[in-house]
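Thanks for making time this morning. I would like to walk you through one model, and I will keep to what can be computed from its atoms.

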Amino acid sequence: MICENLAVIRSQIAQAAERCGRNPDKIKLVAVSKRMPARAVEEAHLCGQLIFGENYLQDALKKVRQLDKSLQWHFIGHLQSNKAGQAAELFEVIETVDRLKIAEALDKHAGKLGKTLDILIQVNVGGEPQKSGIHPDKAEKLLEQIRPCSHLKIRGLMTMPPYGRDPEASRPWFRTLKQLSVQLAERELFDSNDSVQLSMGMSGDFTVAIEEGSTLVRVGTAIFGPRPK
Ligand SMILES: *Cc1c(COP(=O)(O)O)cnc(C)c1O
């Protein structure tokens, strides 16, 4: 089933890209394998999937250590600074940096590991109090503060918009993130200001996200089915 689901999603990504005149190769699929067993990840890998997203460090640990080294792991959950060392070791990209303290902790550990870590800044586009992410108004300052971290590369922005039943409800929020990225790129606050990454769109709304400029879609349920509790 996982292979069939992946094929459907890849073709939906390609179609959405074509509809709005974008190159489908510029859109990466992050298969969100949180709470899924290692064998589900292996099955997806056999069907050509290389990038996986995890929310929980403990849960990811076994999978990352045990599975094929060619897999690339993105951390997409809330990160505590005391776990930054492990996160810096296990993950290629940390998508959820939303405060200076966590950036500095990741920078320190990446330095120790002799690696540079790609990061995205998580933006709380809806300003929802219960959600992680920096408020859009404070993003510029945060990027300025993080830029001196020499072992981090600020690749772009990530968001989880307020929940809506209809995928169209996400569109204005995706647009907000895109506009913010353009403003920040004009101020040259990213590592590559001409190819800023935007991680937005999940199972329910990834085609809308692609129409609004997403370069990384994070899809779980539509690939792996409902997650075990
Ligand atoms: C769980 C999760 C996803 C995937 O959600 P689905 O609706 O299962 O596709 C994407 N992004 C984040 C941050 C998540 O926590």
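This is a predicted model: local features need pLDDT of at least 70, side-chain atom pairs count only at pLDDT 80 or more; totals for chains, interfaces and linings use all residues.

Which atoms, then, lie 2.8 Å from an oxygen atom of the ligand? From the side chain of Asn55, a polar atom lies at 2.8 Å from a ligand oxygen, while Gly220 places a backbone N or O atom at 2.8 Å from an oxygen atom of the ligand. Arg227 contributes through its side chain, where an N or O atom is 2.8 Å from an oxygen of the ligand. As for cover, the ligand on its own has 380 Å² of accessible area, and the protein covers 91% of that.

Now to the arginine I mentioned, Arg171, which belongs to helix H7, spanning residues 171–186. Is Arg171 buried or exposed? Its relative accessibility is 16%, and because the cut-off for buried is under 20%, Arg171 counts as buried. Leaving aside residues up to four places away in sequence, Arg171 touches Val208, Glu211 and Glu212. With Glu211 there is also a polar contact between the two side chains, at 2.8 Å.

That is where I will stop, and I am happy to go back to any of these contacts.

Terms used:
Residues are numbered from 1 along each chain as its sequence is written. Side-chain values use heavy atoms; hydrogens and water are left out. Helices (H or I, at least four residues) and strands (E, at least two) are DSSP runs, numbered from the N terminus. Buried means under 20% relative accessible area, exposed over 50%, partly exposed in between (1.4 Å probe, protein chains only). A polar contact is a pair of N or O atoms within 3.5 Å; within protein, one must be able to donate a hydrogen and the other to accept it, and residues adjacent in sequence count only if both atoms are side-chain atoms. Contact means heavy atoms within 4.5 Å. Accessible areas come from the Shrake-Rupley method with a 1.4 Å probe; for residues, only the protein chains shown count as cover.
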